[in-house]
Amino acid sequence: MSHVTPQPWHVSPRGALSGSVRVPGDKSISHRALMLSALAVGESRIDGLLEGEDVLATAAALRRMGATIEREGEGRWRVHGVGVGGLLQPEGALDMGNSGTSTRLLMGLVASHGVTATFTGDASLSKRPMNRVIDPLAQMGADITSSPGGRLPLMVRGIVPAVPIRYTLPVASAQVKSAVLLAGLNTPGITQVLEPVSTRDHSERMLAGFGADVTVEETSEGRLISIRGEAELKPQQIVVPGDPSSAAFWMVAASVVPGSDVLIENVGLNSTRAGLLQALRMMGADIAEQDARTVGGEPVADLRVRHAALVGIEVPPALAPSMIDEYPVLFVAAAFAQGRTVARGAEELRVKESDRIAAMATALSACGVTLSEHEDGLTIEGSGGEPIAGGTTIASLLDHRIAMSLAVAGLHARRAITIDDAGPIATSYPTFRATLDGLAPAEIAA
Ligand SMILES: O=C(O)C1=C[C@@H](OP(=O)(O)O)[C@@H](O)[C@H](O)C1
Ligand SMILES: C=C(OP(=O)(O)O)C(=O)O
C-alpha cells in the first residue's frame with residue numbers, strides 16, 4: 001500500500017470545467033460501515049463503499065480478525081460479521097497504510113476484545129500522534145505499547161471485560177470519540193464521551209442504525225454520547241452517500257476556473273461535514289443545492305457549482321471541525337479570491353497525513369501566492385481571480401489532499417504545476433484524475 005515509485009503529475013490549465021460528476025462514497029462512513037457490519041451477527045450489504053486504499057486497509061484488517069468481506073460489484077460489498085466480542089486473534093501485524101481513521105477506530109475495537117494486535121503504517125502514518133487514543137483506551141484497561149512519542153508501530157492487548165469510562169475529548173476529534181465508543185460496544189455498562197465541540201457524528205448515527213443502545217444529549221458542557229455495551233448488532237443494508245470531502249475539490253475548481261458549470265451529484269451534507277459549503281458561500285461562491293434527499297440516514301443533495309468571483313474572508317474558527325479536511329483546498333480558493341483570507345483555529349491540520357499548514361504554505365508560496373503562516377492557520381492574499389504563477393514542482397508528502405488541492409490550483413495557473421507524487425490520491429479518491437479528464441479534457445490544455 002505504500003507508494004514505492006513516485007507518480008509525478010503535470011497539471012496545466014485546461015479551460016472551463018463542465019458536466020456532471022458523481023463523487024465516491026464517503027470515507028468516514030465507509031470505514032464505519034465495514035467495522036459495524038463486521039461486528040453484527042449475520043450478513044450486511046453495503047452499496048456505494050469507497051474503494052480507496054484507506055478503506056481497503058480497514059477491510060483487510062477486519063478479515064484478518066475473522067469477518068468475511070466480499071466485493072460483489074463496483075461499490076457493492078457483502079460482510080458476514082463475527083458478533084460483538086467475536087473478533088479473532090490476527091496473525092502478524094495489521095498494515096494500516098496511510099489511514100489514521102482505520103488505525104484509531106480499530107484500536108478501539110481491539111481494546112475491548114480478547115485479542116492482541118500490532119498496528120503498522122507508512123512513513124506518514126508512523127509520524128501521527130496516537131496518545132490521543134492510547135490514553136482513553138488504557139483507562140478502559142487495554143495494555144498498549146507504542147513506539148516513542150505514542151507513534152506506530154504499536155501493540156494493543158485488549159482486555160475482557162473492559163472498564164466503562166466517561167471521557168471528555170481533550171481535542172475535537174471524531175476518531176478519538178469513535179475509538180472510545182467502539183471500545184464501549186464490548187464493555188459492560190455504559191461508556192460515555194463528552195465532546196465540548198461537535199465533530200462528525202457518523203459513528204453515533206450508524207451505531208444506532210445497527211441497533212446499539214446509543215443516546216446523545218446536548219448538555220451545557222457539550223454533546224454527551226452514551227453507549228450501552230455488550231450490544232448485539234443487527235446486520236444492515238447500508239447505502240453510503242458521496243463524500244463531501246471529495247466533492248470539495250470540484251466545488252473549488254468550478255468556482256475558480258472561469259466559465260465553469262459543474263453538477264456534483266449525491267453529496268453528503270451532514271451539518272458536521274458541511275463547513276466548506278458555508279465558507280465558500282461566504283466568499284461569494286455560486287453553489288445551488290438541488291434535489292435534497294436522505295441517503296442511508298444522511299442528508300444528501302446535488303450541488304450545481306458555477307464560476308464566481310470569490311472574495312477573501314475571515315474563516316470562522318467555529319467551522320473548523322466541520323471542514324477540517326477541506327482546509328487545503330479552501331486555501332486554494334483563497335489564493336484566487338479578491339483580497340485577504342484569514343483562517344485560524346485549525347491547528348489540528350498539523351497532525352494530518354502531513355503538516356497541512358506548512359505543506360500548503362510551502363506549495364502555494366512556490367506557486368507565487370503571497371501568504372503568511374500561523375501556528376493555527378494561514379493568511380492568504382488572493383489574486384483577484386487572475387491565474388497564479390505556477391511553474392513549479394510541489395511535494396505531496398504522502399498526503400492525498402495536498403496532491404488534489406495543488407491539482408486544482410494548477411487548473412488556473414499561468415504555467416503547469418507538477419505534483420511530485422500523485423500516488424497518495426488513491427487513498428481516498430482513486431478516480432480523481434479520470435473525473436478531472438471528464439470535466440475538462442487535458443487535450444485542450446492552454
Ligand atoms: O472520524 C473520521 O472518519 C475522521 C475524522 C477526522 O480526523 P480527527 O478525528 O483526527 O479530527 C478527519 O480528519 C478524518 O479524515 C476522518
Ligand atoms: C485526515 C484524513 O484521514 P485519516 O486521518 O483517516 O488518515 C483525511 O482523509 O484527510
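**Figure 1. Burial and overall form of the chain.** Buried residues account for 55% of the 446 residues in the chain; a residue counts as buried if 20 or more other C-beta atoms lie within 10 Å of its own, as exposed if 12 or fewer do, and as partly exposed in between, with C-beta atoms placed from the backbone. The model is predicted: local features need pLDDT of at least 70 and side-chain atom pairs count only at pLDDT 80 or more, while totals for chains, interfaces and linings use all residues. Residues are numbered from 1 along each chain as its sequence is written, and chains are lettered from A and ligands numbered from 1 in the order in which they are written. Along the principal axes, the C-alpha atoms fill a box of roughly 60 × 50 × 40 Å. There are 12 helices and 23 strands in the chain; these are DSSP runs numbered from the N terminus, with helices (H or I) of at least four residues and strands (E) of at least two.

Figure 2. Domain 1 consists of 9-25 + 241-444, and domain 2 of 27-239; the bounds come from an automatic or database domain assignment. Their C-alpha centres lie 29 Å apart. To the contact, domain 1 gives 24 residues and domain 2 gives 29 residues; two residues are in contact if their C-beta atoms, placed from the backbone, lie within 7 Å. The side of domain 1 that touches domain 2 has 10 nonpolar, nine polar and five charged residues. Here Ala, Val, Leu, Ile, Met, Phe, Trp, Tyr, Cys and Pro count as nonpolar, Asp, Glu, Lys and Arg as charged, and the others, Gly among them, as polar.

**Figure 3. The shell around ligand 1.** The residues around ligand 1 include Ser28, Thr101, Gln175, Arg200, Asp325 and Glu348; a residue is near a molecule if its C-beta atom, placed from the backbone, lies within 6 Å of it. Helix H5 (residues 174-185) supplies the largest share of this shell, three residues. By class, the shell has two nonpolar, five polar and three charged residues. Each of domain 1 and domain 2 contributes at least three residues to the shell around ligand 1.

**Figure 4. The shell around ligand 2.** Asp54, Ser99, Gly100, Thr101, Asp325, Lys352, Glu353, Arg401 and Ser428 surround ligand 2. This shell has no nonpolar residues, four polar and five charged. At least three of its residues come from each of domain 1 and domain 2.

Figure 5. Asp325 sits in the loop between strand S18 (314-315) and helix H9 (327-335). Asp325 is buried because 25 other C-beta atoms lie within 10 Å. Not counting residues up to four places away in sequence, Asp325 touches Ser245 and Arg401. Arg401 is part of helix H11 (residues 400-410) and is buried, with 29 other C-beta atoms within 10 Å. Gly100 belongs to helix H3 (residues 100-111) and is buried, with 21 such atoms within 10 Å. Beyond its neighbours within four places in sequence, Gly100 is in contact with Leu125, Arg128 and Gln175.

**Figure 6. Backbone details at two prolines and two other residues.** The peptide bond from Leu152 to Pro153 is cis, with omega near -10 degrees; Pro153 lies in strand S9 (residues 151-157). Val160 and Pro161 are also joined by a cis peptide bond, with omega about -5 degrees, and Pro161 is in the loop between S9 and strand S10 (166-168). Glu230, although not a glycine, has a positive phi of about 55 degrees. Glu230 is partly exposed, with 14 other C-beta atoms within 10 Å. Asn266 is not a glycine but has a positive phi of about 65 degrees. Asn266 lies in strand S15 (residues 261-268) and is buried, with 24 other C-beta atoms within 10 Å.
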